[in-house]
Amino acid sequence: MKKEEKEKKVQIDVNLDWCKGCGICVAFCPKKVYDRMPDGKPKVARPEDCIQCMLCELRCPDFAINVGGEANGRK
Ligand code: SF4
Ligand code: SF4
């Protein structure tokens with residue numbers, strides 16, 4: 001992949017204070033963007049693979065994930 005493409009990665013914010021470590025986001029992400037940390041919480045390991053399907057944000061029961069940053073209309 002070219003360098004410019006690599007830098008166009010999606011902004012993924014996880015509020016770890018709200019996250020309870022259920023692992024739903026890790027399980028549902030079709031691109032395996034997340035690794036699961038020992039406490040069950042997601043680590044954004046491969047943001048360059050994110051296709052912005054929004055499944056993680058929509059499935060998170062605690063609204064802890066924001067994909068796309070401010071472009072998504074949320075902060
Ligand atoms: S789905 Fe939400 S609460 Fe569950 S592990 Fe992912 S970020 Fe945390
Ligand atoms: S938006 Fe989709 S591809 Fe991106 S991290 Fe969330 S579930 Fe994975």
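Start with ligand 2. Select the residues around ligand 2: there are 14, and the closest are Cys-29, Val-33, Cys-50, Cys-53 and Cys-56. A residue belongs to such a shell if its C-beta atom, placed from the backbone, lies within 6 Å of the molecule. Colour this shell by class: twelve residues are nonpolar, one is polar and one is charged. Here Ala, Val, Leu, Ile, Met, Phe, Trp, Tyr, Cys and Pro count as nonpolar, Asp, Glu, Lys and Arg as charged, and the others, Gly among them, as polar.

A word on the model before going on. It is predicted: local features need pLDDT of at least 70, side-chain atom pairs count only at pLDDT 80 or more, and totals for chains, interfaces and linings use all residues. Residues are numbered from 1 along each chain as its sequence is written, while chains are lettered from A and ligands numbered from 1 in the order in which they are written.

**Ligand 1**

Move to ligand 1. Its shell holds 14 residues, and the closest are Cys-19, Cys-22, Ile-24, Cys-25 and Cys-60. By class, the shell of ligand 1 has nine nonpolar, two polar and three charged residues.

**The fold**

Switch to cartoon view. The protein has three helices and four strands. Helices (H or I, at least four residues) and strands (E, at least two) are DSSP runs, numbered from the N terminus. Trace the chain and the order reads α-β-α-β-β-α-β. Contacts also tell how the chain folds back: of those with a separation of 6 or more, 49% join residues 24 or more positions apart. A contact requires two C-beta atoms, placed from the backbone, within 7 Å.

**The core**

How many of the 75 residues count as buried? The share is 21%. A residue is buried if 20 or more other C-beta atoms lie within 10 Å of its own, exposed if 12 or fewer, and partly exposed in between; the C-beta atoms are placed from the backbone.

Now select Cys-25, Cys-29, Cys-56 and Ile-65. In the largest nonpolar core, which has 14 residues, these four touch the most other members. Strand E1 (12-14), helix H2 (24-28) and strand E4 (65-67) each supply at least two residues of this core. Such a core is a set of buried Ala, Val, Leu, Ile, Met, Phe, Trp, Tyr and Cys residues joined through C-beta atoms within 7 Å. In soluble globular proteins, nonpolar side chains tend to be buried together.

Stay on Cys-29, one of the residues closest to ligand 2. Beyond its neighbours within four places in sequence, Cys-29 contacts Tyr-34, Leu-55 and Cys-56.

Select Glu-57 in helix H3. Is Glu-57 buried or exposed? Glu-57 is buried, because 20 other C-beta atoms lie within 10 Å. Leaving out residues up to four places away in sequence, Glu-57 touches Ile-65, Asn-66 and Val-67. Turn to Cys-25 as well: Glu-57 and Cys-25 are 32 residues apart along the chain, yet their C-alpha atoms are separated by 7.6 Å.

Next is Cys-60, in the loop between H3 and E4. Cys-60 has 21 other C-beta atoms within 10 Å, so it is buried. Its contacts, not counting residues up to four places away, are Ile-24, Cys-25 and Ile-65. Ile-24 and Cys-25 are, like Cys-60, among the residues closest to ligand 1.

**Loop stops**

Select Ala-45, in the loop between strand E3 (42-44) and helix H3 (55-59). Ala-45 is partly exposed because it has 13 C-beta neighbours inside 10 Å. Past four places in sequence, Ala-45 is in contact with Val-33, Tyr-34 and Asp-35. Check the distance to Asp-35: ten residues apart in sequence, 5.9 Å apart C-alpha to C-alpha.

Gln-52 is also in the loop between E3 and H3. Its phi is positive, about 55°, although Gln-52 is not a glycine.

Lys-32 is in the loop between H2 and strand E2 (34-36). Its phi is near 55°, again positive in a residue other than glycine. Lys-32 counts as exposed because it has 10 C-beta neighbours inside 10 Å.

Finish at Gln-11, in the loop between helix H1 (3-7) and E1. Gln-11 touches Gly-68 and Gly-69, residues up to four places away not being counted. With 14 other C-beta atoms within 10 Å, Gln-11 is partly exposed.
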